[in-house]
Amino acid sequence: MHDDRTGEVAVIFVSFRNGADMNGYATAAAAMDALAVAQPGYRGVDSARETDGMGITVSDWADDAAAIAWRDHPEHAAIRDRGRALWYDRYSVTVARVERAYQWARP
């Protein structure tokens with residue numbers, strides 16, 4: 001991830017998985033990670049999942065056009081449909097523009 005993220009778009013995906021087909025989910029998630037990295041405007045991703053199935057993934061995009069192109073990518077759309085049918089009980093998506101961002105890391 002680069003330092004100045006001002007003006008970028010953050011797509012916040014909060015999901016609740018049901019535990020079905022864990023291997024299939026893992027395979028699909030790895031494929032989507034690899035596909036996202038190859039998309040124009042991709043800036044990075046952070047993700048966490050609780051043991052109860054709740055997960056939060058924040059993907060960062062250069063602008064609205066890049067985020068929308070990812071949303072509409074045919075392979076991503078197909079996996080999203082599969083997720084609705086099989087892996088998720090529910091999810092929400094929030095799209096936000098980055099006004100300010102900073103990082104800290106232990107030396």
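Me: Why is arginine 43 called partly exposed?

Reply: The model is predicted, and in it arginine 43 has a relative accessibility of 31%.

Me: What makes glutamate 8 and arginine 43 a salt bridge?

Reply: Their side chains meet at 3.4 Å, N to O. The cut-off is within 4 Å, from a side-chain nitrogen of Lys or Arg to a carboxyl oxygen of Asp or Glu, so the pair qualifies. Glutamate 8 lies in the segment before β1 and arginine 43 in strand β2 (residues 42-49), so the pair ties together parts that are 35 residues apart in sequence.

Me: Is glutamate 8 buried or exposed?

Reply: Glutamate 8 has 4% relative accessibility. Buried means under 20%, so glutamate 8 counts as buried.

Me: How do you know that arginine 5 and aspartate 60 form a salt bridge?

Reply: The closest N and O atoms are 2.8 Å apart, and the cut-off is within 4 Å, so the pair counts as a salt bridge. Arginine 5 lies in the segment before β1 (9-17) and aspartate 60 in strand β3 (residues 54-61), so parts that are 55 residues apart in sequence are tied together.

Me: Why are arginine 5 and aspartate 60 called buried?

Reply: Arginine 5 is at 15% relative accessibility and aspartate 60 at 2%. The limit for buried is under 20%, so the label applies to arginine 5 and to aspartate 60.

Technical notes: Residues numbered from 1 in each chain as written. Predicted model: local features only at pLDDT ≥ 70, side-chain atom pairs only at ≥ 80, totals over all residues. Heavy atoms only, no water. Helix = DSSP H or I, 4+ residues; strand = E, 2+ residues; numbered from the N terminus. Buried < 20%, exposed > 50% of the residue type's maximum accessible area, 1.4 Å probe, protein only.
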